[in-house]
Amino acid sequence: MITFPTCNERQATCIEESAMSSILFCKCLSQIPIKVCLPLVFDRDLESDVKSDTSGSLRKILLSVLKANRDQGVEINETLAQNDAKDLYEAGEGRWGTDELAFNDVLATRNYGQLRATFEAYKNLTGKDIDDAIKSETSGDLKKAYLTIVNCARDCQGYFAGCLYNSMKGLGTDEETLIRILVTRSEIDLQSIKEKFHQMYNKSLVETIESDTSGDFKKLLVALLH
């Protein structure tokens, strides 16, 4: 896990790979201030921390995303989508082993509309969803990372609504996930996430948080939602 000092105590606190994925994979370059602010606040470099605290395929996809080479346009090239779908098949299900560099090249650089077109082309080509291919060809943190990108490309607000729901489902509350999503999405699409949450679960996000938290923590979260 990647560790950063806290603002108050300068003690190590851990950001799990799943948290890192949701922070980096669901944002464009302009929405990743941590890459710029981390050296200024903590005298640390995010890419250096990723290199030292991760390894293998997960490190490669994280570094690919940190290069911020994702296309920020909205144009969709159907020919490119078909070519990418073919490349993904040949890099995964169409060979022995998995060529993760090919997956990284597509998943870390194409705009989300282009990725959706690629996923559709992949299904037309193979008869399978890209999710199923990723689940069968990868494992562990790399599988989670790829699936996070896929889910964000398909429905970013739905992805975060699901994360919020899961953080409060059952006994106990995953407070770290709850506060991280509300804070990082507060000036991006939090209102849309609220609407998606209600659409998906037929309940208000505000009321769900109010019933699952208490005290000043509840007041803080509710304030973020208004």
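Reader: Why is K128 called partly exposed?

Author: In this predicted model, K128 has a relative accessible area of 31%.

Reader: What makes the pair of K128 and E93 a salt bridge?

Author: The closest N and O atoms of K128 and E93 are 2.5 Å apart. A salt bridge requires a side-chain nitrogen of Lys or Arg within 4 Å of a carboxyl oxygen of Asp or Glu, and the pair therefore qualifies. This pair links distant parts of the chain, 35 residues apart. K128 is in the loop between α7 (112–126) and α8 (130–137), while E93 is in the loop between α5 (78–91) and α6 (100–107). The structure holds six salt bridges.

Reader: Why does the pair of D129 and K123 count as a salt bridge?

Author: The closest N and O atoms of D129 and K123 are 3.5 Å apart. The cut-off is within 4 Å, so this pair is a salt bridge. D129 counts as partly exposed at 28% relative accessibility, and K123 counts as partly exposed at 39%.

Reader: What does the salt bridge of R154 with D131 tie together?

Author: R154 and D131 form a salt bridge whose closest N and O atoms are 2.5 Å apart. R154 lies in helix α9 and D131 in helix α8, so the bridge ties together parts that are 23 residues apart in sequence.

Reader: Are R154 and D131 buried or partly exposed?

Author: R154 has a relative accessible area of 35%, and is therefore partly exposed. D131 has 14%; buried means under 20%, so D131 is buried.

Reader: How do you know that K196 is buried?

Author: The relative accessible area of K196 is 19%. Because buried means under 20%, K196 is classed as buried. K196 is placed in helix α11 (residues 190–201). Leaving aside residues up to four places away in sequence, K196 touches D155, Q157, G158 and A161.

Reader: What makes the approach of the K196 and D155 side chains a polar contact?

Author: The distance between them is 3.3 Å. A polar contact needs a pair of N or O atoms within 3.5 Å, one able to donate a hydrogen and the other to accept it, so the pair is counted as such.

Reader: Which residues touch the most other members of the largest nonpolar core?

Author: They are I61, L115, I130, L164 and I209, in a core of 51 residues. Helix α9 (residues 140–168) gives the most to this core, with 15 residues. I130 touches L88, F119, Y122, V150 and R154, with residues up to four places away in sequence not counted. In soluble globular proteins, nonpolar side chains tend to be buried together.

Reader: Why is N202 called exposed?

Author: N202 has a relative accessible area of 66%; exposed means over 50%, so N202 belongs to that class. N202 lies in the loop between α11 and α12 (205–212). Phi of N202 is near 55°, a positive value in a residue other than glycine.

Reader: Is S48 exposed or partly exposed?

Author: S48 has a relative accessible area of 40%. Exposed would require over 50% and buried under 20%, so S48 is partly exposed. S48 is found in helix α3 (residues 46–53). The C-alpha atoms of S48 and L63 are separated by 9.7 Å, and the two residues are 15 residues apart along the chain.

Conventions
Residues numbered from 1 in each chain as written. Predicted model: local features only at pLDDT ≥ 70, side-chain atom pairs only at ≥ 80, totals over all residues. Heavy atoms only, no water. Helix = DSSP H or I, 4+ residues; strand = E, 2+ residues; numbered from the N terminus. Buried < 20%, exposed > 50% of the residue type's maximum accessible area, 1.4 Å probe, protein only. Contact = heavy atoms within 4.5 Å. Core = buried A, V, L, I, M, F, W, Y, C linked by side-chain atoms within 4.5 Å.
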